[in-house]
Structures are given as C-alpha cells and as structure tokens.
Amino acid sequence: DQCDEDGWETGYGDWMPTAMEKIGALPPPKRNGPAPAQVSVKTFDEDLGPKQICPPGAVLAPVIENRRLPPPDYERDVRHFVLDTSSVDLPYHLGDAIALYPENLDKHVEQALAHLGLDADKAVRVDPAADDVPPRLLEVCKSRTTARQLFKEVLDICGRPSRNFYAQLAEFASADDKEELLSISTTEKFSAMLDESTSILDVLLKFPSAKPSLAHLMTIVPLIKPRLYSIANSPDYAPGRVELTVVVNRWMTKSGNMKTGTSTQYISELQVGQRIAATMTTGTFVFPEDDRVPMVMTGLGTGIAPMRAFVQDRMYKKQQGKEVGPMVVFYGCRHEREEYFYRDEWEAFKKAGVLTNMVPAFSHDPPHYPPKMVFVNHKMEEEMDLLKEFIGKQNGYFYMCGLAVAAPGIETALKKAMVGAGYVKATEADEWVEEMKRTGRYSMESY
C-alpha cells in the first residue's frame, strides 16, 4: 500500500511481466526513446492569469479561520483550520473525512520553472492525446492555463518519486545521467533517496540534463493527490462549516535535513478568504442507533479531532431534549500546556453532563518524564473498572483515532483492561475484540 517503499507500485514491476506471461499476453513492443505524451500542449504568445482549477467532484471552499493552537514558543505548529460550507455544496455526516487538494509553494514552483526554462505565464492549451487521460487532466483541458498554474496546482513536483519515475525520466537524460537514473530505479539506491525524502523537484535539479517537455512532464509527474483529514465538528452542533485540527508535518531526514509536508505547509500558510479545493469522503466510524449507549474514545494527538465532533453531536442532541449516554475521552498528547487542545470546551461539556470522563495522558510531562513516558494505553489499563462498566456491562462503543503505529497498543490495552477487570478471560480476549469489530462496536481511523 502507500506505506510501502514504492507506494502502491511496490512489486508491480516484478509482478507485471510474470502475470502477462501467465495469461499469454504479447510482450509490449520495444521502444526507442520516451513513451508518447498523454497530452499535447500549445503555447500562445500572450500572458494569462487563469482562475484556480477545481478538480472534478470538488468545490473551492473559503477559509474563515486558520489559528495556531499551541503557544508561539512551542516547536510544533498545530492549526485549528476552518472552512465555510454555507456558500458551497459540501454536505457531510458525523464521522466523515474531508479531502483537501494542496498546492505547491511558490518558491518550489519558481525553482522548477526556472530550471526547466518554461515560459511561466504564457497561455497554454492542453489537449488529450491518449484514451487514458485521467479526469483531473481532462479538467485542465477545458480552458487555457499556464505552466505556472500547472506546476502550482496540478503537478506533484514536491511528491515522492517512484522507481518508475526514475526510469521514465532517464529517457530524457544524457548518457551518464541516464545510467544513474536507471540504477536508482532498480537498486538499493532508491531506498537511500527515500531516506532523504527526495522529491521529484530534487531529482530534476540533481539531473539537469533531463528536461522533458511540458507535455511529457504532465505524463510522467503524478498529479497532486488530495489528503484526508478527520472533521473536528458536528454538522448539527456547528453547521455551515468544517473544522479541522492539523499538525504541520515536519521531520528530519537521515542526514539531518529538515523537511515539511506539502499539504500541511500549504494549509498553515493559507489566509482567511483564500479558497482550497475540497471534497468529502465517507467516514469509517460506526455509531450506536441508541444515543444512550456509552461511547469510549481514544484520541492521540490530532486524532482528538473526530472525538471532539462526537461529543459536540451528543451535546446538540441533549440541547434538543434527548437523553444521551456516558462519554469517555482518553486524550493522548506530549505536553499539557502546549497540546491539551480545546480544554475549555471539554470543561463545558463535562459541566453540561455530556462528557462523563476526560482522561488525559501527557507523555512528556513530569513527574513521570523523564525517564518514563505515559501514553493512553497506560491510562486505559489504569481505568479497567471504567472500561468494564461502559464497554462491557453496558455494551458501549469504542473508538480510536491516531497514528497507525499506536493502534496495536491501544487494542492490547483494551484487552488487558477487560481481562484485568475480570470481564473476559485472557484466552478469549482476542475473539472478544474481533467480535466488537464485526458488530461495529470497535471503530478505528489511523494514518
């Protein structure tokens, strides 16, 4: 999958020839030079300031709030990011996720355009030249555009190159560069490039002899993909808006270079009034039909976002005169002062009788740290009687949202707590959790 070394293409190059041989398909014809471009490009001798492109099925939603949540002296940047949906067709349900289309930063766009020697603002017309042009490119073909717009809004020049990209780019390079690009595409050198989070733009700059035409670039460079974010508000409690909790993704490469994710960097710099292309995705969370059924939630880091929405939803129902059941939130973050987001809201929900328990786990705070880090799974094991009551005796629903690496630990903690509380036997704990999943009582959203 996308988490593997070469993303969705991992193993594809080895598998495809074998599969074609098995079904008796003819081998592809040998080609001298690069494959034909999927599109043709015609440049006009006039400048153009095109309107923002909206991908198929998406809308351009305006930003109405982009607020930093941690104190300004804190190293991590987390955003409370809000879109106005009152003026666009962007309906959603509780637990859904939103897909946002980021754009490349201007500095990277300028680098690419200058390196490739393209006329940045001359009007161009893109026409399909193949039967398999993706819908996103067909949308580009509907009106004239510019190279600048294509590099900013459409082409994923800051994305991770696949092995196949190196092989395709080699067709446009000098003999020496071609040899090295092909070597990267087939050897462990590819892993070394991954360790440095090398982008497509980095590769173009590293191999200056490889300068495909704009039409070929639109064929071999992947299109910018939307990123999914959990929605942090209930559409009933806070209508006409979509609220998100977004951490700006920064990491250190093996050699010590600091990198920042394309999407979260773009989101962090968006100003109120600007628009971002967005569409909705059906969520994976399952909710009890009876609002009196307990809900126990674990939100890790920005995984607290959907839990906030769930509590808001029951707050709304309580305000409508409905009876609502217990709600427990296990909230895991590094520091109380810097990352205990929405503290005032949690207190208000508790005061209103909607939030039964808030159990925070501040992993990097004293007195336990250093040397010990306390995580949500530790807190769950401490609260075994609470879990026995709400998950066991009252047949409550369990939710987890956070990093995928934490998911096994959360599941193990739930089993340990229920065994420790005497609700299930150790030999039956695995099957008990699997039954919860089969019946929709255990929902997980990880990334």
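Analyst: The model is a predicted one.

User: Why is Phe 375 called partly exposed?

Analyst: Its relative accessible area is 38%. Buried means under 20% and exposed means over 50%, so Phe 375, at 38%, is partly exposed.

User: What makes the nonpolar surface patch that includes Phe 375?

Analyst: Tyr 369, Met 373 and Phe 375 make the patch, which covers about 240 Å². A patch residue needs over 30% relative accessible area, and Phe 375 has 38%.

User: What kind of peptide bond joins Tyr 369 and Pro 370?

Analyst: That bond is cis, with omega at about -10°. The bond from Pro 370 to Pro 371 is also cis, with omega near 10°. Pro 370 is in the loop between β14 and α14, and Pro 371 is in the loop between β14 and α14 as well.

User: How do you know that Glu 243 and Arg 308 form a salt bridge?

Analyst: Their closest N and O atoms are 2.8 Å apart. The cut-off is 4 Å between a side-chain nitrogen of Lys or Arg and a carboxyl oxygen of Asp or Glu, so the pair qualifies. Glu 243 lies in strand β8 (residues 241-247) and Arg 308 in helix α11 (residues 304-319), so the bridge ties together parts that are 65 residues apart in sequence.

User: Are Glu 243 and Arg 308 buried or exposed?

Analyst: Glu 243 is at 5% relative accessibility, and Arg 308 has a relative accessible area of 5%. Buried means under 20%, so Glu 243 is buried and Arg 308 is buried. Salt bridges with shared partners join Glu 65, Arg 67, Arg 241, Glu 243, Arg 308 and Glu 345 into one network. Within it, the side chains of Arg 67 and Glu 65 meet at 2.7 Å, N to O. Arg 67 is partly exposed, at 39% relative accessibility.

User: What makes Lys 142 exposed?

Analyst: Its relative accessible area is 64%, and exposed means over 50%, so Lys 142 is exposed. Lys 142 forms a salt bridge with Glu 139, where the closest N and O atoms are 3.1 Å apart. Glu 139, at 24%, is partly exposed. The structure holds 34 salt bridges.

User: Why is helix α2 called oblique to helix α4?

Analyst: α2 (residues 106-116) and α4 (residues 147-154) pack at an angle of about 135°, with their axes 10 Å apart. Roughly perpendicular runs from 65 to 115 degrees and roughly antiparallel is over 145, so an angle of about 135° makes α2 oblique to α4. The crossing of α2 past α4 is right-handed.

User: What makes helix α10 largely enclosed by the rest of the structure?

Analyst: α10 (residues 262-269) has 8 residues and 7 of them are buried, so it is largely enclosed. Among the buried residues are Thr 262, Tyr 266 and Ile 267. Across the 447 residues of the protein chain, 49% count as buried.

Note on methods: Residues numbered from 1 in each chain as written. Predicted model: local features only at pLDDT ≥ 70, side-chain atom pairs only at ≥ 80, totals over all residues. Heavy atoms only, no water. Buried < 20%, exposed > 50% of the residue type's maximum accessible area, 1.4 Å probe, protein only. Helix = DSSP H or I, 4+ residues; strand = E, 2+ residues; numbered from the N terminus. Patch = residues over 30% accessible without salt bridge, like charges linked within 9 Å, V, L, I, M, F, W, Y side chains within 5 Å. Areas by Shrake-Rupley, 256 points an atom, 1.4 Å probe, with all protein chains shown as cover. Axes fitted to C-alpha atoms, helices over the stretch in contact; angles between N-to-C directions. Parallel < 35°, antiparallel > 145°, perpendicular 65-115°, else oblique. Left-handed = near helix turned anticlockwise from the far one by under 90°.
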